[in-house]
Amino acid sequence: MSIPGQLFIGTLAPSDKKFLVPLVTNARKQGYERFVEPCAGALAMSCLAAECGYKSTQIDASDISLFSGVLGRAAMGVPLDKMGITADGFDADVLRDPAMVLYAQIYLKTLNKVGHEYFLQLLNDLRYRREEHLALLREQIDAIATRLKGLRYRDLCMWQHLDEALQDEHALIVICPPTYKAGYEKFFDTGGKMRWNEPSFGVFDPETGLSELYEKAKDAKALLICYEERDQGEPTG
């Protein structure tokens with residue numbers, strides 16, 4: 001049975017790391033002293049930057065999802081109170097716990113799909129092994145928070161973050177935008193059962209967004225890497 005830790009907290013594949021580690025390491029040595037990760041997701045690229053020698057205080061990450069906001073605040077050591085999180089069936093007190101917030105999100109997302117047998121079984125597993133799932137989530141959140149303690153994280157639209165960073169000649173920007181329209185929004189959708197003080201943002205559509213990204217970055221002083229998951233041979237814009 002799938003578990004929240006597997007569904008939420010991703011890692012880079014060995015082939016990705018084989019390509020990225022020397023690239024990021026060499027960029028740091030060449031004077032790119034600030035690491036910027038818009039669309040941070042599970043902060044995988046920020047964790048990789050730390051492995052490559054960046055201090056957490058040199059890492060600047062952002063995203064528009066509640067999930068990323070929880071991870072980012074855990075790494076900064078900041079409480080979740082200002083996120084204004086509410087969730088159907090969960091008391092406000094328990095939603096101060098980052099692991100409980102992520103558990104609530106996957107639980108409510110799964111609840112929307114119980115018309116399918118697989119999701120009914122997953123929901124039952126989430127109920128009956130709740131403490132086990134929470135323990136795993138806490139372990140993985142703590143691991144990320146330890147690796148990135150002191151980074152800067154913000155709830156911020158990728159376009160705003162890029163506007164800030166593209167003219168910084170010391171910035172290495174690694175961005176992994178969604179590969180389908182409203183990708184982040186669909187992945188974390190609870191059907192309105194979970195709410196928070198979410199930032200304003202524009203929905204990213206790869207059909208037009210990649211061209212817009214390239215146009216915005218063409219005169220950049222920063223080094224920008226757009227890293228997308230695509231099947232071999234597929235165009236990226």
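Student: Where is L43 placed?

Tutor: L43 is in the loop between β1 and α3. Keep in mind that this is a predicted model.

Student: What's its phi, and is L43 buried or exposed?

Tutor: Phi of L43 is near 60°, which is positive although the residue is not glycine. L43 is buried, with 0% relative accessibility.

Student: And C39, what's phi there?

Tutor: Phi of C39 is near 50°, again a positive value in a residue other than glycine. C39 sits in the loop between β1 (34–37) and α3 (44–51). C39 is buried, at 9% relative accessible area.

Student: Cysteines, then. How many disulfides?

Tutor: The count is zero disulfides.

Student: Switching to helices. What caps the N-terminal end of α5?

Tutor: D97 does. One of its side-chain oxygens lies 3.1 Å from the backbone nitrogen of A99.

Student: How many residues does α5 have, and what span does it reach?

Tutor: Helix α5 covers residues 98–111, which is 14 residues. From first C-alpha to last it reaches 20 Å, close to the 20 Å expected at 1.5 Å a residue.

Student: Why call α5 largely enclosed?

Tutor: Because twelve of its 14 residues are buried.

Student: Which ones are buried?

Tutor: Among them are M100, L102, Y103, I106 and L108. The buried set of α5 also includes Q105, K109 and T110.

Student: What about S68, which helix is it in?

Tutor: S68 is in α4, residues 66–76. S68 is buried, with a relative accessible area of 1%.

Student: What does S68 touch?

Tutor: Leaving out residues up to four places away in sequence, S68 touches A40, G41, D63 and Y153.

Student: Now the whole chain. How many helices and strands?

Tutor: The protein chain has ten helices and seven strands. Of its 237 residues, 46% are buried.

Note on methods:
Residues are numbered from 1 along each chain as its sequence is written. This is a predicted model: local features need pLDDT of at least 70, side-chain atom pairs count only at pLDDT 80 or more; totals for chains, interfaces and linings use all residues. Side-chain values use heavy atoms; hydrogens and water are left out. A disulfide is a pair of cysteine sulfur atoms within 2.5 Å. Helices (H or I, at least four residues) and strands (E, at least two) are DSSP runs, numbered from the N terminus. Buried means under 20% relative accessible area, exposed over 50%, partly exposed in between (1.4 Å probe, protein chains only). Contact means heavy atoms within 4.5 Å. The expected span of a helix is 1.5 Å times one less than its number of residues. A polar contact is a pair of N or O atoms within 3.5 Å; within protein, one must be able to donate a hydrogen and the other to accept it, and residues adjacent in sequence count only if both atoms are side-chain atoms.
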